[in-house]
Amino acid sequence: MPAQEIYLMRHGETAWSLSGQHTGITDIPLTQNGRDLARLLAPVLAKVSFELALMSPMKRARETCQLAGLGRRAEIDRNLMEWNYGEYEGLTPEQIHAKAPGWVIFRDGCPGGESPEQVAARCDAVIARVRTMEGPVALFAHGHVFRIFAARWLGFPAGAGIHFLLETATLSILSYYAGMPAIKRWNATVMA
């Protein structure tokens, strides 16, 4: 029997992902380019018979899921929401570093928002849920939460998310190798 696969689809481009602003709880839509890139996921995902599809409640993730062809069957899971950036919401890394030199989100978290451990707890809840399934699972969410998700999938602490760079509108696949959690594909761009 083939190993279970968990498909992670990071939402498409937004105005704030273009400008580098931290977008956690601000609910903004995809750009036209973001919508176009999300549509490219549809033929790839149509080849997979997903046992479960989950999405963040944020508009950018829901829109990506819809355009990728799984919107009608996906369930909202609030544990897939992006990191709550608190006082850093809407700020660029440069603006944050001006206030807090040396700040690293995966170590320091966000004042008035979430710590890495709080995001990891949400990821752990989703991981526990998808590991009860046997077939493929599709998840639509966000960059920072998926970086911690990958770290936790592998059994690493939340801070290890720093090592998993992730672009918008990309496909990643988590699975198993010899019974151990593994990354099969990471940060793959889907081409027309």
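User: Is W103 buried or exposed in this predicted model?
Analyst: The model is predicted, and W103 lies in the loop between α5 (93-99) and α6 (105-108). Its relative accessibility is 9%. Buried means under 20% relative accessible area, so W103 counts as buried.

User: What is the geometry of the pair formed by the rings of Y88 and W103?
Analyst: The ring centres of Y88 and W103 are 5.2 Å apart, and the planes stand at 80°. Planes over 60 degrees apart count as edge-to-face. The pair of Y88 and W103 is therefore edge-to-face.

User: Where is Y88, and how many residues apart are Y88 and W103?
Analyst: Y88 counts as buried because its relative accessibility is 7%. Y88 sits in the loop between β3 (75-76) and α5, while W103 is in the loop between α5 and α6. The pair links distant parts of the chain, with a separation of 15 residues.

User: How many aromatic pairs does a search of the whole structure find?
Analyst: The pair of Y88 and W103 is edge-to-face, and so is the pair of Y7 and F50. A search of the whole structure gives a total of six aromatic pairs.

User: Which parts of the chain does the pair of Y7 and F50 link, and how many residues apart are they?
Analyst: The rings of Y7 and F50 have centres 5.2 Å apart and planes at 90°, so this pair is edge-to-face. Both residues are buried. Y7 belongs to strand β1 (residues 6-10) and F50 to the loop between α3 (41-45) and β2 (52-55), a separation of 43 residues.

User: How are α2 and α4 oriented to each other?
Analyst: The axes of helix α2 (residues 32-39) and helix α4 (residues 59-67) come within 8 Å and cross at roughly 45°. The crossing of α2 past α4 is right-handed. Angles under 35 degrees count as roughly parallel, and 65 to 115 as roughly perpendicular. The two helices are therefore oblique.

User: Which residues make the contact of α2 with α4?
Analyst: By class, this contact has two nonpolar, one polar and three charged residues. From α2 come R35, A38 and R39, and from α4 come E63, T64 and L67.

User: What is the C-alpha to C-alpha distance of V126 and L54?
Analyst: V126 is in helix α7 (residues 116-130) and is buried, with a relative accessible area of 0%. Leaving out residues up to four places away in sequence, V126 touches L54, D77, N79, L80, L139 and F149. V126 and L54 are 72 residues apart in sequence, yet their C-alpha to C-alpha distance is 9.2 Å.

Note on methods:
Residues numbered from 1 in each chain as written. Predicted model: local features only at pLDDT ≥ 70, side-chain atom pairs only at ≥ 80, totals over all residues. Heavy atoms only, no water. Axes fitted to C-alpha atoms, helices over the stretch in contact; angles between N-to-C directions. Helix = DSSP H or I, 4+ residues; strand = E, 2+ residues; numbered from the N terminus. Parallel < 35°, antiparallel > 145°, perpendicular 65-115°, else oblique. Left-handed = near helix turned anticlockwise from the far one by under 90°. Contact = heavy atoms within 4.5 Å. Nonpolar A, V, L, I, M, F, W, Y, C, P; charged D, E, K, R; others polar. Phe/Tyr/Trp six-rings, centres within 6.5 Å; stacked < 30°, edge-to-face > 60°. Buried < 20%, exposed > 50% of the residue type's maximum accessible area, 1.4 Å probe, protein only.
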